[in-house]
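Okay, thanks for coming, everyone. Let me put the model up and walk you through some charged pairs.

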Amino acid sequence: MKWDRPSSGNRLVDWLLRPAPRSWRAVSLAVLLAIAVSTSLRANWGSDNAFVVKAADSLLAGVSPYDDKRFLYLPSAVIMAIPEALLPTTLLRWVLPLGMTGLVGIGWWASLKLFSVPLRSRFAVGGFALFALLYKPYLNLVLIGNWTAISAAALPVALLLAHRRHWVAAGLVVGLAIACKPMLVPIAVLFVLARQWRGLGAAVLVPVGISLAGALIMPSPTLFFTKTLPFLLQGQDAYALPWDASPIAVLPRLGLAAPVAVLLAFGGAAVGLWGAWQRWRRGEADTDGGELRLVETACMVMLAAFLVSRPSFDHYLLVVLPLLLASGVRAGSMPRSPWFWAAVVPQMAGIPWPSELAAKRRAFRDMVTLCALAGLLARRCLRPSRVTLEVVRTAGSPPRTDPECTAKPVEAASRTAF
């Protein structure tokens with residue numbers, strides 16, 4: 001017989017799920033607003049978003065947006081960017097950082113709703129503030145205004161809808177995100193695994209339809225295929241290389257032969273996709289309603305894609321991290337492992353890294369986090385489920401185990417960090 005007592009991890013989770021004091025809410029709001037306002041006052045704000053706005057300005061001026069080789073999105077993104085192009089620069093300076101904050105906040109909200117976490121809890125209120133304050137890629141995303149924030153909001157919302165059996169609506173959300181930036185294209189694998197063909201059709205038809213409309217109203221839309229797409233498939237050029245965290249770009253900078261780096265990256269991605277398939281097949285072992293299965297499968301697909309994506313920037317992980325962090329309320333989830341936090345440490349703000357890992361060599365640290373998270377999640381997805389037998393007491397009989405009545409499939413949990 002074994003005396004079961006509440007673990008320290010469960011006690012911490014129970015404390016985090018209690019309502020946050022008003023002081024916590026005030027401090028959290030102050031942190032988010034301070035980050036947004038300080039970003040608006042910086043001279044280099046909105047550097048990535050400027051390419052999108054410039055593309056919309058070109059369309060309004062009757063010039064092909066793809067004359068600029070830095071505009072790498074679908075024709076649908078030009079239409080989506082027109083409202084931004086119509087705003088005065090002074091107003092956009094203040095609206096854009098707040099918009100980035102709000103989009104990541106929507107992703108955090110949907111992640112919490114997916115795991116039934118109270119929105120007024122300490123975990124919800126304090127977690128987002130700490131994440132925004134300490135996670136350097138969040139600060140970078142708010143600064144540069146990259147449309148990755150749209151995918152960071154869309155994926156958790158789509159998974160929330162899918163969990164509620166609204167797969168077509170989830171496909172529409174994914175399709176709109178792809179129309180803005182084709183980052184969530186790999187999520188089509190999730191619709192295939194779930195055999196949700198109508199949802200997959202919505203995810204495909206929405207960006208295709210808007211892109212066709214954009215191509216009809218812009219001059220020389222074929223430049224996307226003859227100029228932009230080849231440039232993107234080549235991994236861009238030296239402009240993006242210092243910040244490209246994909247193993248295909250970083251390993252050659254460390255002296256490894258380029259063909260070997262490509263082989264390793266694609267091998268890791270293949271293992272990740274295999275893990276996503278195995279994790280989805282193991283859904284019958286879930287006892288929490290399937291939220292963890294849905295999140296881990298989707299995040300595994302995205303991390304596998306990031307391993308071979310060119311480029312793959314640090315803020316790409318904002319698409320999966322809110323979901324993984326919110327899953328920490330489930331026993332055996334990735335955030336319960338100390339290795340998860342060790343993987344995230346290289347991207348924490350305020351750590352005095354050596355000069356060799358700063359500035360244009362920051363991608364070395366970013367690749368470590370990307371590969372570590374992908375490896376940890378693949379290991380978890382490929383780990384087989386196990387069956388535990390509970391003790392059964394019957395009147396007038398000694399304690400015994402009854403495998404036919406009390407066998408429960410549970411997830412193989414990693415060592416807790418709480």
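So, which residue's side chain meets that of R362 in a salt bridge? That's D314, at 3.5 Å, N to O. By salt bridge I mean a side-chain nitrogen of Lys or Arg within 4 Å of a carboxyl oxygen of Asp or Glu. The pair links distant parts of the chain, 48 residues apart: R362 sits in helix α18 (residues 362-382), and D314 is in the loop between α15 and α16 (321-326). Helices here are DSSP runs of H or I, at least four residues, and strands are runs of E, at least two, numbered from the N terminus.

Quick housekeeping: this is a predicted model, where local features need pLDDT of at least 70, side-chain atom pairs count only at pLDDT 80 or more, and totals for chains, interfaces and linings use all residues. Residues are numbered from 1 along each chain as its sequence is written, and side-chain values use heavy atoms, leaving out hydrogens and water.

Back to R362: D366 also forms a salt bridge with R362, again with N and O 3.5 Å apart at the closest. Those two are both in α18, four residues apart, about one turn of the helix. R362 is buried at 16% relative accessible area, and D366 is buried at 4%. Buried is under 20%, exposed over 50%, partly exposed in between, with a 1.4 Å probe and protein chains only.

Next pair: R279 and E296, 2.7 Å, N to O. R279 is in helix α14 (residues 258-281) and E296 in helix α15 (residues 291-308), so this one ties together parts 17 residues apart in sequence. Both R279 and E296 are buried.
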